[in-house]
Amino acid sequence: MNLQEAKNLILQHSGQFYVYLLKRPNGIPFYVGKGNGKGFRIEAHVREALSGKYKNKYKANIIRKIFETGGQIDYELIFTNDEKVAFDK
């Protein structure tokens, strides 16, 4: 799914924790994160990578290369009501 679809799904599951995967256009994941259902941490990765203000150089390089070649990041979401379950996943 694209970023807007992911954000809409997060809104539908408001208050739930979620695990998300950022995937290359070929479907291979390159990053796994956890969100708290109160915001859109999922979208911060692209903003950080493109602004040059990032903590994870590996992730930022992949994101920039995807956009430089005209590709899009694919997102996958897994929802849970329990933060421990989210961390375990």
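The dialogue below walks through a predicted model, from its overall fold to one of its helices.

Student: Which elements does the chain have, and in what order do they run from the N terminus on?

Tutor: In this predicted model the chain has four helices and three strands, and from the N terminus on these elements follow one another as α-β-β-α-α-β-α.

Student: What does the radius of gyration say about the chain?

Tutor: A compact globule with 89 residues would have a radius of gyration near 12 Å, and the 13 Å of this chain agrees with that; along its principal axes, the C-alpha trace spans about 35 × 25 × 20 Å. Buried residues, meaning those under 20% relative accessible area, make up 35% of the 89 residues.

Student: Which residues of helix H1 are buried?

Tutor: In helix H1, which covers residues 3-12, the buried residues are Ala6, Lys7 and Ile10.

Student: Why do the buried residues of H1 line one face of the helix?

Tutor: The general idea is that an α-helix has 3.6 residues a turn, so residues three or four places apart point the same way. In this case, the buried residues of H1, seen down its axis, fall within an arc of 100 degrees, and therefore they line one face of the helix.

Student: Which exposed residues does the face of H1 turned away from its buried side carry, and what do the buried residues pack against?

Tutor: The face turned away carries the exposed residues Leu11 and Gln12, whereas the buried residues of H1 pack against strand E1 (17-23), helix H2 (41-51) and strand E3 (74-80).

Note on methods
Residues are numbered from 1 along each chain as its sequence is written. This is a predicted model: local features need pLDDT of at least 70, side-chain atom pairs count only at pLDDT 80 or more; totals for chains, interfaces and linings use all residues. Side-chain values use heavy atoms; hydrogens and water are left out. Helices (H or I, at least four residues) and strands (E, at least two) are DSSP runs, numbered from the N terminus. The radius of gyration is taken over C-alpha atoms; the globule rule is 2.2 Å times the number of residues to the power 0.38. Buried means under 20% relative accessible area, exposed over 50%, partly exposed in between (1.4 Å probe, protein chains only). The arc is that of the directions from the helix axis to the C-beta atoms. Contact means heavy atoms within 4.5 Å.
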